[in-house]
Amino acid sequence: VDDSTANVSSVTDSKGNTYTLAVGPTVRPASTFASRTYYASNIIGGGTAITVTVTFDKAVSGGFYQLEYAGVSHTNPLDQVSAGTGTGTVMNSGSKTTTVANELIYGFGESCGTGTIGATFTARSTLNANFAGDKNVTATGTYSVDGTSTACGGWIAQMATFKVAIDGLGFQPNAVLLTSVQDVTRAAPVAHSRFGIGASDGTTQGSSTFADQDVVTPTNVDA
């Protein structure tokens, strides 16, 4: 927005989602422009368009960038945040180290010229010659949001990283076998149970078996 002294009173949307400030306000050098990044987790999304309303404590003008992602953790998704400013043509949010392997790296950049997000990112919006974009990473590491700006007088770059949801241990079971048999050849028949489970995530496969026999310690065998 064009007034760095303005405060956000509320961020709401047409589906009742709750928003939390992730980064900002970050003020562009030698200007009154400021940027903020908010996020909502475990949202009601999809279907009809979502209208987001941002209320300030005074009249302002500016641009608003709204993105929706699937597959992000439903609880405590925000991991790392950073923000950087400068006056040259190289934009960078500053680096932070992620804490889990699979994360979504979100980036926003605003400048008094034309901003372009770094090559490893996918730009989702270039409204008003600024950028909002993202990339997925599959290993913990040190990351930042980078970009370039045409020569002018200042820029802002913001980063927020979000943990990707992991279902169980990453396996999607494709077979579950359960049987129970009885040894009827003995004078006192004894039930023998067998349990087997197989799972695969499309790349790795595994199986486990369980045997409960007469006077035999139950065992697990992984393959």
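**View 1. Salt bridge between D134 and R124 in the predicted model.** In this predicted model, the side chains of D134 and R124 form a salt bridge with an N to O distance of 2.7 Å. D134 belongs to strand β11 (residues 131-137) and R124 to strand β10, so the contact ties together parts that are 10 residues apart in sequence. D134 has a relative accessible area of 3% and is buried. R124, at 48%, is partly exposed; the cut-off for exposed is over 50%.

**View 2. The open five-stranded sheet that contains β10 and β11.** The strand order is β5-β14-β8-β11-β10, and the pairing is antiparallel. β5 (78-86) and β10 (122-125) are the edge strands; each has a single partner strand, so one side of each lacks a neighbour in the sheet. From one strand to the next, the twist averages 20°.

**View 3. Pairing of β8 with β14.** Within the sheet, β14 and β8 are adjacent in the strand order. Strand β8 covers residues 103-111 and strand β14 covers residues 155-163; nine bridges link them in the antiparallel sense. At E103, the residue standing opposite in β14 is K163.

**View 4. Salt bridge between R28 and E110.** The closest N and O atoms of R28 and E110 are 2.4 Å apart, and the two residues form a salt bridge. R28 sits in the loop between β2 (20-27) and β3 (34-39), while E110 is part of strand β8, so the pair connects parts that are 82 residues apart in sequence. Both R28 and E110 are buried.

**View 5. Salt bridge between D3 and K58.** D3 and K58 form a salt bridge in which the closest N and O atoms lie 3.6 Å apart. D3 is in the segment before β1 (8-13), and K58 is in the loop between β4 (52-56) and β5, so the contact ties together parts that are 55 residues apart in sequence. K58 is partly exposed, its relative accessible area being 37%. A search of the whole structure gives three salt bridges, among them this pair.

**View 6. Disulfide between C112 and C152.** The whole structure contains one disulfide. It joins C112 and C152, whose sulfur atoms are 2.1 Å apart. The torsion about the S-S bond is about 100°, so the disulfide is right-handed. C112 lies in the loop between β8 and β9 (115-117), and C152 lies in the loop between β13 (146-149) and β14, so the link ties together parts that are 40 residues apart in sequence. C112 is partly exposed, with a relative accessible area of 35%. C152 is likewise partly exposed, with a value of 38%.

**View 7. The whole protein, for context.** The secondary structure consists of 18 strands and zero helices. Of the 223 residues, 33% are buried. When contacts between residues at least 6 apart in sequence are considered, 66% join residues at least 24 apart. The protein exposes about 12,500 Å², of which carbon and sulfur atoms supply 53%.

Note on methods. Residues are numbered from 1 along each chain as its sequence is written. This is a predicted model: local features need pLDDT of at least 70, side-chain atom pairs count only at pLDDT 80 or more; totals for chains, interfaces and linings use all residues. Side-chain values use heavy atoms; hydrogens and water are left out. Two strands pair if DSSP finds at least two bridges between them. Helices (H or I, at least four residues) and strands (E, at least two) are DSSP runs, numbered from the N terminus. Axes are lines fitted to C-alpha atoms, for helices over the stretch in contact, and angles run from 0 to 180 degrees between N-to-C directions. A salt bridge is a side-chain nitrogen of Lys or Arg within 4 Å of a carboxyl oxygen of Asp or Glu. Buried means under 20% relative accessible area, exposed over 50%, partly exposed in between (1.4 Å probe, protein chains only). Contact means heavy atoms within 4.5 Å. Accessible areas come from the Shrake-Rupley method with a 1.4 Å probe; for residues, only the protein chains shown count as cover. A disulfide is a pair of cysteine sulfur atoms within 2.5 Å.
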